[in-house]
Amino acid sequence: MAQVETPIGRWDLFRVFCRLLLLQGLLHPKGMQSLGLVNALAPAIRKVRSPNGKSLLESHLAYFNCNPNFTPLIVGGVLKLETERAAGRPVAEGDIAYFKKSISNPLAAMGDLLFLGGLKPLALTVAVVSAIYHSYIGLLLVVIFYNLAVVSCRLWGVYFGYAKGWELVDVFTGPVFQRVLSDVQTVGACAGGALIAVVLNGLPQSGAWVLALGVILMGTAIYMLRRDFSSSRFAVLLFPLSVVVALVLG
Amino acid sequence: MGSGVTVPFNSGEIILLAALGGLLALDDRAGWQSLLAQPVFSAALVGWILGEAQVGLATGAVLELVWLSILPMRGTQRPDPVIGGVVGAGAACLVAKHAGDERVLFLAAIGIVVGLVTAEISGPIGRRAHRARESRLGRFAAAAGTDDTALAGKVFRYMLFSVAFTFGLEALQVLVLLPIGALAAKQFTAWGQAGAVIGAERWAELLPAIGAGAIAHRYWQSQVSRYLVVSALIVLLLLWLK
């Protein structure tokens with residue numbers, strides 16, 4: 001298959017990546033990430049000649065939503081398809097809309113599971129343990145590694161999406177991603193267990209009754225979270241109670 | 001100026017922390033969520049800026065533990081973590097700095113309660129204001145026959161509006177809430193009867209148990225719960241042996 005001569009260079013893709021960093025700034029309920037997508041595509045798509053003279057960006061104002069860390073993959077894929085279309089390949093405008101629609105939902109679910117459900121809680125758990133042990137180095141390392149993972153995923157996504165185009169669909173249907181997800185959740189659970197141990201270990205320092213209260217509080221928190229009661233409001237309510245009890249007991 | 005209430009801050013500190021709050025809100029709402037807007041980091045940053053690292057760190061760690069169960073997903077009625085971290089740690093650190101109070105745990109407890117309350121106040125305000133901003137973004141329409149350059153320029157202007165709005169809203173909230181929080185914290189520490197101090201300190205010591213409960217709740221029904229239990233037991237054993 002002959003290579004499509006591309007007017008979009010590496011620098012253009014890098015500019016797309018930079019704009020994707022502020023993707024969520026244009027989020028709105030009607031089109032979700034549509035404006036952010038148009039804003040990100042703009043630096044590169046101007047170099048693609050429209051086959052029918054119509055605005056290429058306008059067609060991307062339709063509803064679009066995905067996990068922001070996986071959106072760059074789709075943006076790269078869209079640019080690849082637009083380039084192929086401009087080069088006279090049999091790619092219709094409807095095909096590009098179908099590509100976005102068909103891949104955004106599974107990628108959104110995978111991205112939410114990986115980043116919101118796995119990597120972020122893991123990073124925050126390690127950060128809290130670092131803060132409990134007064135380790136600024138630990139906090140710094142968490143920020144560095146987490147951002148390295150997120151930003152490099154976005155940067156890689158733009159270039160990889162652009163290299164693959166339609167083939168992106170095949171890449172994410174294999175078992176590799178499931179394994180990565182499972183590994184992240186396992187590490188997250190281990191870190192969570194460590195944090196629970198650190199918290200429980202710290203309680204008896206103020207007396208056995210504080211440990212007993214802590215265990216009761218932990219059980220109450222689980223019960224309340226299962227009933228969707230806000231842990232934040234629960235904590236606020238406990239403050240006056242705790243002060244009054246301490247004042248009464250002298 | 002006449003003899004009034006001595007305030008535990010100066011305008012430079014409030015403006016600096018308001019700017020920090022605005023930047024962190026940009027990261028949280030518009031950027032790639034670098035984690036810096038999470039209370040454990042924002043409070044540590046505030047503590048480091050004000051030269052009260054211990055107070056900032058203790059406040060942030062407990063706030064993070066309390067909010068560990070709340071994911072930043074669209075539609076969640078979550079308190080504002082940026083306000084909670086910056087105002088909570090800011091109030092505690094300002095009192096520590098200006099009043100020379102060295103009771104780290106007590107000040108952290110005051111910072112935590114100020115952070116929790118201001119975040120609860122700010123949550124609905126932010127949601128309403130951002131709904132108005134999003135509604136304006138939703139009215140975006142391309143004029144007939146617009147070319148790509150004009151369309152891209154218009155979207156970019158919307159982007160600038162959105163960024164400025166997010167920064168300004170959060171900075172304004174810090175400007176209003178931080179002095180109130182710092183004054184309330186100062187009043188409570190000045191009143192600080194022995195019983196109240198002990199009550200506040202025990203409360204701050206017990207709150208991490210809520211975070212532990214949130215973690216247990218998150219992983220308990222998943223397939224990885226056995227790792228949670230084994231890891232907790234191993235670390236607990238190591239800590240006790242130590």
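Predicted model: local features only at pLDDT ≥ 70, side-chain atom pairs only at ≥ 80, totals over all residues.
Residues are numbered from 1 along each chain as its sequence is written, while chains are lettered from A and ligands numbered from 1 in the order in which they are written. Local features need pLDDT of at least 70, side-chain atom pairs count only at pLDDT 80 or more, and totals for chains, interfaces and linings use all residues; side-chain values use heavy atoms, with hydrogens and water left out.

Start with chain B. Chain B has 9 helices and 0 strands. Helices (H or I, at least four residues) and strands (E, at least two) are DSSP runs, numbered from the N terminus. Read from that end, the elements of chain B go α-α-α-α-α-α-α-α-α. The C-alpha atoms of chain B fill a box of roughly 70 × 65 × 25 Å along the principal axes.

Next come the domains of chain B. The assignment gives domain 1 (11-201) and domain 2 (206-242). Such bounds come from an automatic or database domain assignment. Over C-alpha atoms, the centres of domain 1 and domain 2 of chain B are 29 Å apart.

How many residues of domain 1 of chain B are in contact with domain 2 of chain B? There are 7, and they meet 7 residues of domain 2. Contact means heavy atoms within 4.5 Å. The size of an interface is often given as the accessible area lost when the parts come together. Between domain 1 and domain 2 of chain B, the buried area is about 600 Å². Buried area is the accessible area (1.4 Å probe) that two parts lose on being put together, summed over both. Carbon and sulfur atoms give 76% of the area between these two domains. On the domain 1 side, B:Leu65, B:Val66 and B:Leu68 supply 62% of the area buried against domain 2, more than any other three residues.

The rule finds 0 salt bridges between domain 1 and domain 2 of chain B. A salt bridge is a side-chain nitrogen of Lys or Arg within 4 Å of a carboxyl oxygen of Asp or Glu. Helix α3 (residues 53-66) of chain B gives the largest share of the domain 1 side, 3 residues. By class, the domain 1 side has 6 nonpolar, 1 polar and no charged residues. Here Ala, Val, Leu, Ile, Met, Phe, Trp, Tyr, Cys and Pro count as nonpolar, Asp, Glu, Lys and Arg as charged, and the others, Gly among them, as polar.

Now turn to the two chains together. 83 residues of chain B are in contact with 83 residues of chain A. The chains bury about 7300 Å² between them, 73% of it on carbon and sulfur atoms. Across this interface the rule finds 19 residue pairs in polar contact, both at pLDDT 80 or more. Several helices of chain B each supply at least two residues, including α5 (104-138) and α6 (148-191). The largest share of the chain B side, 12 residues, comes from α8(B). By class, that side has 57 nonpolar, 16 polar and 10 charged residues.

The structure holds 9 salt bridges over all chains. One pair crosses from A:Arg233 in helix α9 (residues 231-249) of chain A to B:Glu120 in helix α5 of chain B. The closest N and O atoms of A:Arg233 and B:Glu120 are 3.0 Å apart. The count between chain B and chain A is 1 salt bridge.

Finish inside chain A. A:Arg19 sits in helix α1 (residues 10-20) of chain A. Leaving out residues up to four places away in sequence, A:Arg19 touches A:Asn39, A:Ala40, A:Ala42, A:Pro43 and B:Phe156. The side chains of A:Arg19 and A:Asn39 are joined by a polar contact of 2.9 Å.

Key
Polar contact = N/O pair within 3.5 Å; in protein donor to acceptor, adjacent residues only side chain to side chain.
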